[in-house]
Amino acid sequence: MYLSEEDKRAILRAADEIIAQGGRTLLAKILKGSREKKVLQLGLDKCPVYGYFKSEKIEEVMNKIDWMIDYDFLDIQYDGKLPMIIFTERGWQIEANQRADEFLREWKQWLKQGNSSPDMSYLKDRNREMILLFLEKVKETTDKRYIPYLTAWSKVDYKKVKARIYEVIKALEENETINHQQVLKREASVNEALEGAAPQDLLLKCYKCGERFTFSVGEQKFYKQKGFVLPRSCEKCRDRRYEDFLC
Ligand SMILES: [Zn+2]
């Protein structure tokens, strides 16, 4: 299977809508552009990548999502018996960055349209890390026209974010120089993350006999789907335990 950078970004963007609240199937439905009641009720048809894979079969979309799980962009976490999609560190790094870019694009659009008093409450209660990254990107524009937006935002958000907003306003007012090295480093890091990590056999240590044993890619996949934790003993010791049980 081959996923382009754009495909990977689209899957991560869709996952962001349902993170820790929905599973693979729901994620596939967003990307397929399903008209199912649940999808519409949750407003998932408003997601910018809704229907991104609309010309593909749902099974194919599921395969792409599984590929994203295998390559360390997404993971499965069990909420009771329900397997939910979550971001891996890699996946979140990419998504937080593109989400911050998405917010900035929206602000740019507002400037063009002459929207002078937008309601900023939509920025409240978002992931803090992503919000701080967005603020960093606003600062990096060195565009003073964003100051009114920042001021309006500072009025509705909490202390910590508020403090950072004031710092960004100050930086824009004082024409603070941008650390381009840092910007490039961040971009390079995201591009590197986008490559993903191919699944690999793991070498684990048996807690009974102390020997190393291979936990294959296939086994890892099976364990993940079932929501099992890593095996602690090697196959031999596991068989022995089973024999003991039979006697
Ligand atoms: Zn063993």
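Mentor: We shall go through the metal site, a helix, some salt bridges and a few loop residues. Please keep in mind that this is a predicted model.

Trainee: Which residues hold the zinc ion?

Mentor: The zinc ion is coordinated by the SG atoms of Cys-206, Cys-209, Cys-234 and Cys-237, at 2.3 to 2.4 Å. Along the chain these donors follow the spacing C-x2-C-x24-C-x2-C.

Trainee: What is the arrangement of the four donor atoms around the zinc ion?

Mentor: The arrangement is tetrahedral, because the four donor atoms subtend angles of 104 to 116 degrees at the zinc ion. For reference, the ideal angle for four tetrahedral donors is 109.5 degrees.

Trainee: Are Cys-209 and Cys-234 buried or exposed?

Mentor: Cys-209 is partly exposed, with a relative accessible area of 38%. Cys-234 has a relative accessible area of 7%, so it is buried.

Trainee: Changing topic, what does the UniProt annotation say about residues 9-99?

Mentor: The unreviewed UniProt entry annotates residues 9-99 as "domain: RQC". In the model, the chain over residues 9-99 is 53% helix and 13% strand, and the end C-alpha atoms are 10 Å apart.

Trainee: What span should helix α4 have?

Mentor: Helix α4 covers residues 58-70, which is 13 residues. At 1.5 Å a residue it should span 18 Å, and its end C-alpha atoms are 18 Å apart, so the two values agree.

Trainee: Which residues of α4 are buried, and what do they pack against?

Mentor: The buried residues of α4 are Val-61, Met-62, Lys-64, Ile-65, Asp-66, Trp-67, Met-68 and Ile-69. They pack against the helices α1 (5-18), α2 (24-32) and α10, and against the strands β1 (74-79) and β2 (82-87).

Trainee: And what follows α4?

Mentor: Asp-72 follows α4, and its phi is positive, near 70 degrees.

Trainee: Now the charged side chains. How many salt bridges are there?

Mentor: The count comes to 20 salt bridges. As background, side chains of opposite charge can pair when their charged atoms come close.

Trainee: What is the N to O distance between Lys-46 and Asp-45?

Mentor: The side chains of Lys-46 and Asp-45 meet in a salt bridge at 3.8 Å, N to O. Lys-46 is exposed, with a relative accessible area of 66%, whereas Asp-45 is partly exposed at 23%.

Trainee: What about Asp-143 and Arg-145?

Mentor: Their side chains also form a salt bridge, at 2.9 Å from N to O. Asp-143 counts as buried, at 18% relative accessibility, while Arg-145 counts as exposed, at 52%.

Trainee: Which helix holds Arg-164 and Glu-167?

Mentor: Both lie in helix α8 (residues 159-173), three residues apart, which is about one turn of the helix. An α-helix has 3.6 residues a turn, so residues three or four places apart point the same way. Arg-164 forms a salt bridge with Glu-167, and the closest N and O atoms are 2.4 Å apart. Glu-167 counts as partly exposed, at 46% relative accessibility.

Trainee: What separates the C-alpha atoms of Asn-127 and Ala-96?

Mentor: They are separated by 8.7 Å, and the two residues are 31 residues apart along the chain. Asn-127 lies in the loop between α5 and α6, and Asn-127 is partly exposed, with a relative accessible area of 35%.

How values were computed. Residues are numbered from 1 along each chain as its sequence is written. This is a predicted model: local features need pLDDT of at least 70, side-chain atom pairs count only at pLDDT 80 or more; totals for chains, interfaces and linings use all residues. Side-chain values use heavy atoms; hydrogens and water are left out. Donors are N, O and S atoms within 2.8 Å of the metal (3.2 Å for Na, K and Ca); water is not among the atoms, so sites may look incomplete. Four donors count as tetrahedral if all angles lie between 85 and 135 degrees; four count as square planar and six as octahedral if opposite donors are over 155 degrees apart and all others between 65 and 115; anything else is irregular. Buried means under 20% relative accessible area, exposed over 50%, partly exposed in between (1.4 Å probe, protein chains only). UniProt positions are given in the numbering used here, feature names are shortened, and annotations may be inferred rather than shown by experiment. Helices (H or I, at least four residues) and strands (E, at least two) are DSSP runs, numbered from the N terminus. The expected span of a helix is 1.5 Å times one less than its number of residues. Contact means heavy atoms within 4.5 Å. A salt bridge is a side-chain nitrogen of Lys or Arg within 4 Å of a carboxyl oxygen of Asp or Glu.
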